[in-house]
Every structure is written in C-alpha cells, then in structure tokens.
Amino acid sequence: MKRTKEIAIIGIYSALLIGVQFVLSFAAGIELVSLMLAVFSVVYGAKRGIVTALIFSVLRIFIFGAIPSVMVLYVIYYPLYAFVCAQFGKINGRWHYLSLLICVAFMTVCFTLLDDLITPLMMSFSTSATKAYFLASLPILGIQAVCSTASVAVLYLPIKRLLEKIKSSSRLDGEVEL
C-alpha cells in the first residue's frame with residue numbers, strides 16, 4: 001500500500017508541475033515549476049524529487065515537443081535541481097529558508113546559462129549566432145531569477161506546510177500502516 005501511495009503522489013505532483021508550466025507557458029520567464037519542485041524535493045526527499053523531475057521532463061517533452069537541446073537540458077537540469085533542493089531539507093532553522101532562496105536564484109540562472117551552452121552546441125550555431133542567443137537570453141534570465149526568487153520567498157512556507165500535512169496523512173514517512 002505504501003508503494004501505491006508513493007507512486008500516486010509522484011504521479012499527481014508530476015502532473016501538477018506540467019499543469020503549472022502549461023498555464024504559465026504564455027509568459028516568457030514567468031514560472032512556478034522551480035518553486036513547486038524545490039518544495040516537493042525538500043519535503044519528500046531527493047529520490048522522490050528526482051523521479052518527479054524525470055517524469056515532469058519526459059511529459060514536458062511529449063507535450064511541448066521533442067527538441068533535442070531542450071530534452072537534454074530538462075533531463076540534466078531538473079533531476080539535478082531536485083537533488084540539490086532536497087539537501088536543504090536537512091538544514092534546520094532560519095538558514096534553511098534563506099539558503100534555499102539563494103540556491104533557487106542561483107540554479108535558475110544556471111538553467112539559462114546551461115541552455116546557452118547546450119543549444120548552440122547541439123544546433124551548431126556560429127560564433128555570432130551563439131553570442132546573439134546568449135544576449136537574447138539575458139532579459140529572460142533576469143525575469144526568471146526574480147520570479148523564482150520571489151515565488152519561493154512568498155509561497156515556499158505555505159506550500160511546504162501543505163505538503164508536510166499530505167505526507168504525514170499519506171504515511172510515506174516510514175510509518176507502517178496497520
């Protein structure tokens with residue numbers, strides 16, 4: 001029974017991530033996936049966060065298209081992001097929140113910079129096209145970093161409390177159901 005609940009929660013949360021991304025896909029740079037995956041990974045741990053990130057990445061590829069550079073970016077970045085964020089679940093006190101906030105901002109910048117590296121390499125961009133791609137990404141990078149940081153600052157604690165309640169009621173924290 002525990003395994004079934006775990007699979008259901010990972011599946012539902014992966015679908016929630018896709019829904020959040022789909023709803024906000026019209027607005028460049030505005031996203032809540034980073035917040036949602038960070039909170040999930042902190043509450044449920046690295047293993048479940050990585051699995052959720054991989055499912056989200058694969059679903060995203062099916063829904064939004066199989067662009068090779070995007071496939072590589074998502075399959076590398078989001079599981080790594082989930083792993084890194086899960087480590088903040090081990091930090092107690094006020095440093096937990098502040099350090100996660102800094103990490104999310106930093107990782108969001110890394111997402112765009114990784115894309116600025118992967119896409120030109122996979123698409124065989126010329127040097128001038130690579131520079132133009134990088135320069136064009138900077139405004140979006142700024143918007144994403146501010147949005148991710150602001151969304152974590154405002155929504156992290158309430159969503160974390162909600163997920164902790166769901167986790168304790170679903171008994172995925174190692175308790176044995178009788």
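## Briefing: salt bridges, pocket and surface patch

Arginine 48 is buried, because its relative accessible area of 13% is under the 20% limit. The model is predicted. Three salt bridges are counted in this model. The largest pocket holds about 610 Å³ of space.

**Salt bridges around glutamate 6**

- Side chains of opposite charge can pair when their charged atoms come close.
- Arginine 48 pairs with glutamate 6 in a salt bridge, and their closest N and O atoms are 2.6 Å apart.
- This pair ties together parts that are 42 residues apart in sequence, because glutamate 6 sits in helix H1 and arginine 48 in helix H3.
- Glutamate 6 has a relative accessible area of 6%, so this residue counts as buried.
- Glutamate 6 also meets the side chain of arginine 3 in a salt bridge, at 2.8 Å from N to O.
- Arginine 3 and glutamate 6 are both in helix H1, three residues apart, or about one turn of the helix.
- Arginine 3 is exposed, because its relative accessibility of 53% is over the 50% cut-off.

- Lysine 160 and glutamate 164 form a salt bridge, with the closest N and O atoms 3.1 Å apart.
- Lysine 160 has 17% relative accessibility and therefore counts as buried.
- Glutamate 164 is partly exposed, because its relative accessible area of 35% falls between the 20% and 50% limits.
- Both residues belong to helix H6 and are four residues apart, about one turn of the helix.

**Largest pocket**

- The space in the largest pocket comes to about 610 Å³.
- The pocket is lined by 26 residues, and the closest to its centre are Arg60, Tyr74, Phe111, Ile140 and Gln144.
- By type, the lining divides into 15 nonpolar, eight polar and three charged residues.
- Five helices each supply at least two lining residues: H2 (33–44), H3, H4 (68–87), H5 (94–123) and H6 (127–170).

- Helix H1 (2–23) and helix H3 (46–64) are the elements that give two or more residues to the patch.
- H3 gives the most, with six residues.

**Serine 124**

- Most residues other than glycine have a negative phi.
- Serine 124 is not a glycine, yet has a positive phi of about 55°.
- Serine 124 is in the loop between H5 and H6.
- With a relative accessible area of 64%, serine 124 is over the 50% cut-off and therefore exposed.

- Threonine 112 is part of helix H5.
- Threonine 112 is buried, because its relative accessible area is 6%.
- Threonine 112 and leucine 73 are separated by 39 residues in sequence, and their C-alpha atoms are 9.5 Å apart in space.
- Valine 39 is part of helix H2.
- Valine 39 has 0% relative accessibility and so counts as buried.
- Valine 39 and serine 148 are separated by 109 residues in sequence, with 12 Å from C-alpha to C-alpha.

How values were computed. Residues numbered from 1 in each chain as written. Predicted model: local features only at pLDDT ≥ 70, side-chain atom pairs only at ≥ 80, totals over all residues. Heavy atoms only, no water. 1 Å grid on protein atoms, 1.4 Å probe; cavity = no way out; pocket = protein on both sides within 12 Å on 5 of 7 lines; lining within 4 Å. Points joined across faces, edges and corners; volume = space filled by probe spheres on them. Nonpolar A, V, L, I, M, F, W, Y, C, P; charged D, E, K, R; others polar. Salt bridge = Lys/Arg side-chain N within 4 Å of Asp/Glu carboxyl O. Buried < 20%, exposed > 50% of the residue type's maximum accessible area, 1.4 Å probe, protein only.
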